[in-house]
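Here's a quick tour for anyone opening this structure for the first time. Take a look around, then read on.

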Amino acid sequence: MKVYALFFCAAVIVIHNGCSHTKKTTDSKMNFASNIVVAHRGAWKKNNLPENSIASLREAVRIGCAGSEFDVHLTADDTLIVNHDDKYAGKKIEENTYASLAETKLSNGETIPTARQYLLAGMQQHATKLVFEIKPSAISKGRGQILARKCVELVKELKAEPWVMYISFDYDIVKKVLELQPGANVAYLNGEKSPGQLKADNVPGLDYHYSVFKKKPGWVAEAKQNNVELNVWTVNSAEDMKWFIDQKFDYITTNEPELLFELLNK
């Protein structure tokens with residue numbers, strides 16, 4: 001309990017107040033940070049932490065990020081596990097049990113986290129949103145639908161809805177989340193659908209690679225006109241960060257959250 005208490009206090013205290021570009025807090029009771037910084041797979045790079053680890057989540061909270069993104073797959077024994085690639089330690093996640101995968105520790109000694117463990121750790125604070133990426137299934141679309149259902153069920157079971165923002169490259173997963181949790185904060189990742197199309201399908205947000213907006217800058221204005229939330233990934237150079245700051249994006253996802261904070265605080 002002492003660890004959780006320290007984690008909560010650090011999260012609440014370290015919130016950047018000097019950013020020149022901020023967005024309104026969606027839930028004032030939760031006191032979520034009002035900046036636009038989302039740490040991609042947590043804040044891992046500066047301190048050489050494992051990506052998608054509890055340690056990288058806690059570092060994202062410590063430095064005051066508005067969000068910490070993490071990636072979720074379904075193991076062969078139906079455990080929701082946090083990892084970016086569809087393989088871990090050379091093993092295909094969907095073809096192995098969690099126990100088998102957990103035999104190999106992360107570089108800092110952590111056991112690869114389950115989504116439950118990650119959410120519970122993130123819910124110990126009220127400053128940083130948990131950007132929950134549901135990865136497409138490599139096996140079938142049907143298994144992707146099972147994954148989406150299990151993710152939403154877990155969030156509801158833990159009452160984690162105020163913390164969670166969903167994202168996915170699979171449009172059917174996006175729609176399934178909205179079916180199971182109407183009004184959920186969900187964004188589509190793949191980049192081929194216009195903001196108008198998303199609006200027509202009642203998808204509230206988009207989260208596209210920065211190159212999409214460079215090719216189709218008109219989509220920025222279209223998103224704003226349609227009240228579609230704007231996020232962008234993965235923006236790591238100061239030049240690109242400045243462009244998206246100037247375009248007044250709602251969120252910028254980055255491997256360099258410290259650099260983004262520096263630019264915002266100027």
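How many aromatic pairs does a search of the whole structure find? The search turns up twelve, where rings of Phe, Tyr and Trp (its six-membered ring) pair if their centres lie within 6.5 Å. Keep in mind that this is a predicted model, so local features need pLDDT of at least 70 and side-chain atom pairs count only at pLDDT 80 or more, while totals for chains, interfaces and linings use all residues. Residues are numbered from 1 along each chain as its sequence is written, and side-chain values use heavy atoms, with hydrogens and water left out.

**Aromatic pairs**

- F70 and F132 have ring centres 4.9 Å apart and planes at 50°, so they count as tilted (stacked is under 30 degrees, edge-to-face over 60, tilted the rest).
- F70 sits in strand 2 (residues 67-74) and F132 in strand 6 (residues 129-134), so this pair ties together parts that are 62 residues apart in sequence.
- Both F70 and F132 are buried, meaning under 20% relative accessible area; exposed is over 50%, and partly exposed is in between (1.4 Å probe, protein chains only).
- W243 and F244 make an edge-to-face pair, with ring centres 4.8 Å apart and planes at 80°.
- W243 is partly exposed at 26% relative accessibility, whereas F244 is buried at 0%.
- One aromatic cluster takes in W243 and F244 along with Y171, Y188, Y208, F213, W219 and F249.

**The nonpolar core**

- In soluble globular proteins, nonpolar side chains tend to be buried together.
- Here, the largest nonpolar core has 66 residues; such a core is a set of buried Ala, Val, Leu, Ile, Met, Phe, Trp, Tyr and Cys residues joined through side-chain atoms within 4.5 Å.
- Helix 5 (residues 141-158) gives this core its largest share, seven residues.
- Among the residues with the most contacts inside the core are V72, L119, F132 and I252.
- Setting aside neighbours within four places in sequence, F132 is in contact (heavy atoms within 4.5 Å) with F70, V72, L119, C151, V155, V164, M165, Y166 and I167.

**Strand 11 and its partners**

- Which residues of strand 11 (residues 251-254) are buried on each side? Y251 and T253 are buried on one side, I252 and T254 on the other.
- Strand 1 (residues 37-39) pairs with strand 11 in the parallel sense over three bridges, and strands count as paired if DSSP finds at least two bridges between them.
- A39 stands opposite T254 of strand 11.
- Strand 10 (residues 229-233) also runs parallel to strand 11, joined by two bridges, and V232 has I252 as its bridge partner.
- From strand 10 the chain crosses through helix 10 (residues 238-246) to strand 11 in a right-handed β-α-β crossover: with the strands pointing away from the viewer, the path from the first strand over the helix to the second runs clockwise.

**A buried loop residue**

- T114 lies in the loop between helix 3 (98-102) and helix 4 (115-122), yet T114 is buried at 10% relative accessible area.
- Beyond its neighbours within four places in sequence, T114 touches T79, L80, I81, V82 and Y98.

**The whole protein**

- The protein has eleven helices and eleven strands; helices (H or I, at least four residues) and strands (E, at least two) are DSSP runs, numbered from the N terminus.
- Of its 266 residues, 54% count as buried.
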